[in-house]
Amino acid sequence: QVQVVESGGGLVQAGGSLRLSCVVSGIPFSILDIGWYRQGSGKQRELVVSWSRDDIVNTADYAKGRFTISRDNAKNTAILQMNVLKSEDTAVYYCNARGRWGARTYNTWGPGTQVTVSS
């Protein structure tokens, strides 16, 4: 069973930083495309940044220069480092793991972690 768990959310003042972690279990991490998404209140879920299994990084325009993704395949972990946070970054942040392993295709979401930025 593939499981995705995020952690690291919380309350931070505008201009501050947070570091979110995503741990994936039940599947080899190196075969996965990993994406961080967010969903603000009353808004659609949107991509923040993704790192594919062949090392292609895709960053949303609003995140460029402030948010970075890293991954450690040995630790089954992806990190989202968020700097210079703004009130509009307030949202639930989700980690998504996608990949094909054997005969199955996986597309698994974590439960999300709340990020609240106070102005």
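Which residue forms a salt bridge with R38, the closest N and O atoms being 2.8 Å apart? The partner is D89.

## About the model

This is a predicted model: local features need pLDDT of at least 70, side-chain atom pairs count only at pLDDT 80 or more, and totals for chains, interfaces and linings use all residues. Residues are numbered from 1 along each chain as its sequence is written, and side-chain values use heavy atoms, leaving out hydrogens and water.

## A salt-bridge network

The structure holds five salt bridges. A salt bridge is a side-chain nitrogen of Lys or Arg within 4 Å of a carboxyl oxygen of Asp or Glu. One of them joins D89 to R38. This pair links distant parts of the chain, 51 residues apart: D89 sits in the loop between strand 8 and strand 9, R38 in strand 4 (residues 33–39). Strands are DSSP runs (E, at least two residues), numbered from the N terminus.

D89 also meets R66, at 2.7 Å from N to O. R66 lies in the loop between strand 6 and strand 7 (67–72), 23 residues from D89. Shared partners join R38, E46, R66 and D89 into one network. E46 pairs with R38 at 2.8 Å, N to O.

Buried means under 20% relative accessible area, exposed over 50%, and partly exposed in between (1.4 Å probe, protein chains only). D89 is buried at 0%. R38 is buried at 7%. E46, at 33%, is partly exposed.

## Two positive phi angles

Most residues other than glycine have a negative phi. D55 has a phi near 70 degrees, a positive value. D55 lies in the loop between strand 5 (46–51) and strand 6 (57–59). At 54% relative accessibility, D55 is exposed.

V84 has a positive phi of about 50 degrees. V84 is in the loop between strand 8 (77–82) and strand 9 (91–101). At 47%, V84 is partly exposed.

Notes. Helix = DSSP H or I, 4+ residues; strand = E, 2+ residues; numbered from the N terminus.
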